[in-house]
Amino acid sequence: MTPQIARSLNVLFVLAVTLILLAAFGVQFAKGELPCPLCLLQRLAMLGVGAGALLNVRYGVRPRHYGLALVSANFGGAVAGRQVLLHIAPGDPGYGEPLLGLHLYTWSFIAFAGVAIILSVMLWFDRQFESATAPTSSAPAFPRLSTAVLLLFCGVAIANALTTLLLCGLGPCPDTPTHYEWLSDR
Amino acid sequence: MMAAPFTTFVIGLALALAGKRGAAAAVLVIALALSIAMFLVHATDKLPISL
């Protein structure tokens, strides 16, 4: 795998993470399901995965960037796994509405497991790291599209920070949030 | 509290886009560490013990 292909794949990775985070926003605003603390932690882990890929796109592909994304994926998998186990008892309705038969945290666990596998496979290819000596020769195939994807990802990260502030304020988030802390009259 | 790691991530991403590679990596690692700390606080809070 050439450095250019690796960087282009990382652009796709950032785009996929951005779409997942936008889908979470869709559930939050279209269905009115407010995210629980574990849901927010899974979003943070997804941001970490995207941040690792973003560093690969911006500065060239490096094992340490993959490392950041891989640690984030494992962290997200742990959080999602914990949430699955919290609701695993028979008769427990789970948190939120299921999507295609599975709750969002179950989909999240599958996504993080998939991300961890993909990142591990990406690390098999040594040639992508040759760009360390000549970073300019390994620019992504579509530089404008890459910039747009990175900016969109950063915009989604900012939106997540703002909505979390509105939801929880500066204190701890409630386990089952019912309203936005900073938008309520109380 | 949960807003802190989100804000730290945003600062890290801004530094990354601004070309401050080392600072961005450091801040992103701090954001991830904060997230893991939040998870540990949440997880231990549910156990029948106190740390």
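This is a predicted model: local features need pLDDT of at least 70, side-chain atom pairs count only at pLDDT 80 or more; totals for chains, interfaces and linings use all residues.
## Chain A at a glance

Chain A is built from helices: 5 of them, with 0 strands. Reading along the sequence, you get α-α-α-α-α. The C-alpha trace spans about 55 × 35 × 30 Å along its principal axes.

Of the 186 residues in chain A, 42% are buried. If you take the contacts in chain A with a separation of 6 or more, 75% of them link residues 24 or more positions apart.

## Helix α1 of chain B

Over in chain B, helix α1 covers residues 3-17, which makes 15 residues. From first C-alpha to last, α1(B) reaches 21 Å, close to the 21 Å expected at 1.5 Å a residue. After the helix comes B:G19, with a positive phi near 95 degrees.

## Where the chains meet

The contact draws 32 residues from chain A and 23 from chain B. On the chain B side, the elements giving two or more residues are α1 and α2 (21-45). Sorted by type, the chain B side has 18 nonpolar residues, 4 polar and 1 charged.

Leaving out residues up to four places away in sequence, A:A157 touches A:L47 in its own chain, plus B:F9, B:V10 and B:L13 from chain B.

The largest nonpolar core holds 65 residues. The ones with the most contacts inside it are A:V14, A:L54, A:F153, A:A157, B:F9 and B:L28. At least two residues each come from α1 (3-30), α2 (37-59), α3 (63-86), α4 and α5 (143-168) of chain A, and from α1 and α2 of chain B. α2(A) supplies the largest share, with 14 residues.

## A look at A:W107

A:W107 sits in helix α4 of chain A, which runs over residues 104-122. Is this tryptophan buried or partly exposed? A:W107 is partly exposed, because it has 17 other C-beta atoms within 10 Å and being buried takes 20 or more.

Setting aside neighbours within four places in sequence, A:W107 is in contact with A:L99 and A:L102. As for A:L47, it lies 60 residues from A:W107 in sequence and 16 Å away in space, C-alpha to C-alpha.

How values were computed: Residues are numbered from 1 along each chain as its sequence is written. Chains are lettered from A and ligands numbered from 1 in the order in which they are written. Helices (H or I, at least four residues) and strands (E, at least two) are DSSP runs, numbered from the N terminus. A residue is buried if 20 or more other C-beta atoms lie within 10 Å of its own, exposed if 12 or fewer, and partly exposed in between; C-beta atoms are placed from the backbone. Two residues are in contact if their C-beta atoms, placed from the backbone, lie within 7 Å. The expected span of a helix is 1.5 Å times one less than its number of residues. Ala, Val, Leu, Ile, Met, Phe, Trp, Tyr, Cys and Pro count as nonpolar, Asp, Glu, Lys and Arg as charged, and the others, Gly among them, as polar. A nonpolar core is a set of buried Ala, Val, Leu, Ile, Met, Phe, Trp, Tyr and Cys residues joined through C-beta atoms within 7 Å.
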